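Please open the structure in your viewer and keep the selection tool at hand.

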Amino acid sequence: MNKSGSCMEKTLALLEFGRLIETVAAYALSAEAARRVIAERPLAGGAAEHKALVAELYGLLAGGDFPERELPEIGEILPRLAVEGAAIEADEALALALFVERGGELLGAILKEDARPPSAEKTGGSGLERIAGALPDCSACAALIFAVIDREGAVKDTPAVKKIRGRLRELKSDLDRIAARYQNGEETRRMLQSSLPSQRDGRLVLALKANFRGRVRGIVHEVSATGQTVFVEPEESVETNNQLRLEEAKLSAELRKLLRDLTAALGARREELAAFHEGIIRLETLRARARYSLETGGVFARDAAHLILKQARHPLLGKDAVPIDLDLSGGENGAGRTAEYSAARMVIITGPNTGGKTVALKTAGLFALMNQAGLAVPAAEGTALPFFSGVYTDIGDEQSIAQNLSTFSAHLRNIGNIIDEADENALVLLDELGAGTDPEEGSAIALAVLDHFIEKQSCVLVTTHHGILKNYGYSRQGVENASVEFDGRTLSPTYRIIMGLPGESCALDIALRNGLREDIVARARGYLDDERFDVSALIAGLKEKHRELDSASRAAREAGQKLREEKRRADLKELRLKQKEFLLKQEGAGEFRRFLEAGRKRLENLVREIREGEMSREKTLGVKEFLRELEEGAASMERTLDAEAAALRGAEAALEESAAGGNAGAPRGGIAAGAEVLAGPSRRRGRALRREKDGAWIVELGSVRMSFAEEDLVPAPPVKKQTVSVSADIGPVRALNEQRLIGMRAGEAVDALRSQLDAALLTGLGAFAVIHGKGDGVLQRAVHEFLESHPAVADYHFARPELGGAGRTEVILKS
């Protein structure tokens with residue numbers, strides 16, 4: 001998108017992209033990076049990779065503990081390192097060292113092991129890590145500088161420097177003693193205009209009153225403007241001043257030599273420093289974008305073939321921005337729709353003035369530019385944007401007296417340039433197309449322009465008041481109508497965009513609201529009734545049908561939700577019955593084991609008695625009595641189990657009949673060879689093979705054949721795929737791997753999540769994701785509170801930044 005065409009530059013100005021990008025640049029910690037952010041244009045090629053890098057930095061910033069120290073400017077210093085014999089200043093050397101040091105902190109934060117996103121471990125390093133890892137290590141340069149310069153920007157003492165500085169201190173002390181003699185002497189103190197010594201050209205002088213000039217021998221350096229003060233260098237301080245100047249010159253030469261040597265050493269590594277500087281400035285431009293995105297609470301639009309805006313707010317309007325929804329994908333947007341509509345490459349937006357049509361165009365255009373500049377957009381999750389080759393706009397009044405251009409002429413010239421430059425991957429925004437001239441001819445031009453863009457396959461958003469263009473949206477493939485809603489009761493716009501429905505201009509209502517006299521408005525209505533077919537009535541009727549459809553859709557969703565809840569309760573009841581059956585089996589098996597154990601012990605006693613003595617009639621009767629009691633006990637237990645199993649089968653059959661609409665609980669009997677049946681207390685599914693002479697049936701259960709009494713068999717219901725619905729739409733769906741709750745109230749979201757958990761448990765789904773968005777955090781808190789209390793949830797956590805971050809929660813169920 002970084003084209004040099006005049007249309008693109010005009011688009012950037014009309015959409016106020018420069019104003020936005022200046023706000024982004026203010027988040028940079030480097031003046032050089034800020035200037036580069038402002039100078040860069042939205043990308044076409046490489047925009048996806050650019051945005052991915054910003055999103056990755058966004059995740060690191062959101063995690064906290066990221067360096068935030070300002071980077072000094074060194075761009076103008078680096079070229080001077082290549083000049084032979086050059087010497088940079090001490091403060092410039094300090095700037096270089098601080099840049100290297102703080103740039104290293106930035107690289108360290110990116111390359112830090114515990115700061116790496118999980119995806120980086122699988123790909124061998126993230127995009128940021130590859131950039132950071134490719135930069136040279138310049139820490140040796142910083143160490144070299146700090147060996148010579150301290151952190152205040154002063155050259156450190158070498159033996160030679162230390163000796164010179166010591167001599168300077170001695171000479172300054174001598175001069176202070178000379179000045180003190182004059183200030184403290186009784187005779188000389190009254191000659192001084194000021195008790196404090198002064199300096200002229202770096203030499204100590206005394207401020208004498210003019211009438212005492214002859215009393216002090218020395219050199220006159222200056223006389224005040226009034227002539228009342230004479231600045232005299234005393235004769236006894238002349239030689240000391242001379243020595244001081246000489247030592248200062250020595251110190252300057254020594255410092256210059258140290259800085260020249262330092263500059264030469266740095267010059268040997270100039271290419272490494274230049275590459276490091278370029279890489280750090282690039283990373284800082286990305287960090288500025290990520291910081292802006294984080295501070296403004298934006299989301300990164302997902303890549304898509306069609307433009308989808310959800311709760312999009314114009315980034316320059318602040319708190320005054322009204323969220324809008326716009327969907328060209330053919331799905332249902334957050335604002336509503338008239339019916340299912342196909343994906344569109346062109347949308348014609350109609351409706352009243354001040355209704356938000358132009359703001360909608362500007363928001364869509366600015367979002368496209370932001371997306372390709374690597375910025376998050378102020379919108380809700382689900383917002384999607386293609387990567388456009390260019391964004392072209394014709395918005396506003398460009399009348400020019402100097403260039404002899406009327407409003408209409410200016411629009412046509414601009415549209416002509418757009419036609420020349422825009423291709424099939426361009427986004428074209430046309431405001432009030434065909435306005436400014438005769439309506440009939442303007443409409444004809446507008447239709448021809450739209451025909452061109454349909455043939456070109458550009459993505460086009462158009463606003464208009466021409467009625468013929470509203471019909472155009474119904475008669476062309478790939479073109480959709482949309483309207484900005486107008487509240488007829490308050491005579492004010494709602495700024496809500498309705499896809500699939502054209503809007504009326506409501507000019508007379510707006511005129512009345514803005515102070516035009518009622519009698520004039522009434523006369524205007526009369527002219528309309530006399531001379532024009534009332535299309536407004538047709539549109540009003542369509543809107544009423546739209547409201548009725550919405551109402552019916554809501555009622556259907558509520559009914560579907562109720563049916564799904566009843567189905568869920570039935571499934572849970574069936575599950576509880578199976579659990580009860582299992583417990584009964586366990587209890588029966590335990591009781592039978594205890595019965596057998598007691599019988600075994602008694603039998604062992606009888607056998608021992610027989611072995612110990614002769615077989616008697618009493619012992620024989622005892623054995624027979626034991627066997628009889630054993631048979632009666634087993635028969636009693638079998639009757640008890642049969643009774644409980646029969647009761648359980650009856651309850652189970654009733655549930656199956658209810659769940660299958662009366663088809664699952666067919667009357668017993670009527671079992672036919674080859675029929676599918678449910679056999680035994682456990683209701684295992686099998687196939688009846690043949691009927692034996694005693695009335696029992698041989699049933700094939702998998703690879704095993706078993707015999708069952710006919711009363712233990714029931715016809716099996718047709719095999720249906722069990723489904724559990726957790727969607728807001730009508731009709732069954734399977735347990736979802738990714739559940740979307742955005743747009744629901746907290747109670748609705750919890751109900752949907754409960755159904756999803758039940759479905760996951762029944763179908764064996766071990767993990768899934770919940771998309772609740774960020775917003776004000778209400779949905780997020782409701783979801784987390786429910787998951788915290790649910791016994792089947794093993795763990796839950798936010799998703800990785802590139803998968804949605806705090807707007808998405810990953811749920812893991814207990815195995």
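Select Arg287 to begin. In this predicted model, Arg287 has a relative accessible area of 4% and is therefore buried, the limit for that class being under 20%. Arg287 has its place in helix H12, which covers residues 270–295.

Next, display the side chain of Arg287 together with Pro67 and Glu284. The side chain of Arg287 reaches the backbone oxygen of Pro67 at 2.5 Å. A polar contact of 2.5 Å also joins the side chains of Arg287 and Glu284. Which residues are in contact with Arg287, leaving aside its neighbours within four places in sequence? They are Leu29, Leu57, Leu61, Phe66, Pro67, Glu68 and Leu106.

Helix H5 (residues 90–111) provides the largest share of the lining, three residues. By class, the lining of the second largest cavity holds five charged residues, three nonpolar ones and no polar ones.

Now turn to the largest cavity. A search of the whole structure finds three cavities of 30 Å³ or more, and the largest contains about 90 Å³ of space. To locate the largest cavity, select Leu412, Ile415, Leu433, Gly434 and Ala435, which lie nearest its centre among the 13 lining residues. Then colour helix H14 (407–421) and helix H15 (439–456), each of which supplies at least two residues of the lining. Which element gives the most to the lining of the largest cavity? Helix H14 does, with four residues. The lining of the largest cavity comprises seven nonpolar, three polar and three charged residues.

The following stop concerns aromatic rings, for which the count comes to three aromatic pairs. Select Tyr58 and Phe300, an edge-to-face pair with 5.4 Å from centre to centre and 85° between the planes. Tyr58 lies in helix H4 (residues 47–62) and Phe300 in the loop between H12 and strand S5 (302–303), so this pair ties together parts that are 242 residues apart in sequence.

Proceed to Phe99 and Phe276. The centres of their rings are 6.2 Å apart and their planes stand at 80°, so the pair is edge-to-face. This pair links distant parts of the chain, with Phe99 in helix H5 and Phe276 in helix H12, 177 residues apart. Both Phe99 and Phe276 are buried.

The final stop concerns the backbone. Most residues other than glycine have a negative phi. Select Gln311, whose phi is positive, near 50°, although the residue is not glycine. Gln311 lies in strand S6 (residues 308–312) and counts as partly exposed at 37% relative accessibility. Finally, select Gln457, which also has a positive phi, of about 70°, and is not a glycine. Gln457 is found in the loop between H15 and strand S12 (459–463). With a relative accessible area of 42%, Gln457 is partly exposed.

Notes
Residues numbered from 1 in each chain as written. Heavy atoms only, no water. 1 Å grid on protein atoms, 1.4 Å probe; cavity = no way out; pocket = protein on both sides within 12 Å on 5 of 7 lines; lining within 4 Å. Points joined across faces, edges and corners; volume = space filled by probe spheres on them. Nonpolar A, V, L, I, M, F, W, Y, C, P; charged D, E, K, R; others polar. Buried < 20%, exposed > 50% of the residue type's maximum accessible area, 1.4 Å probe, protein only. Polar contact = N/O pair within 3.5 Å; in protein donor to acceptor, adjacent residues only side chain to side chain. Contact = heavy atoms within 4.5 Å. Phe/Tyr/Trp six-rings, centres within 6.5 Å; stacked < 30°, edge-to-face > 60°.
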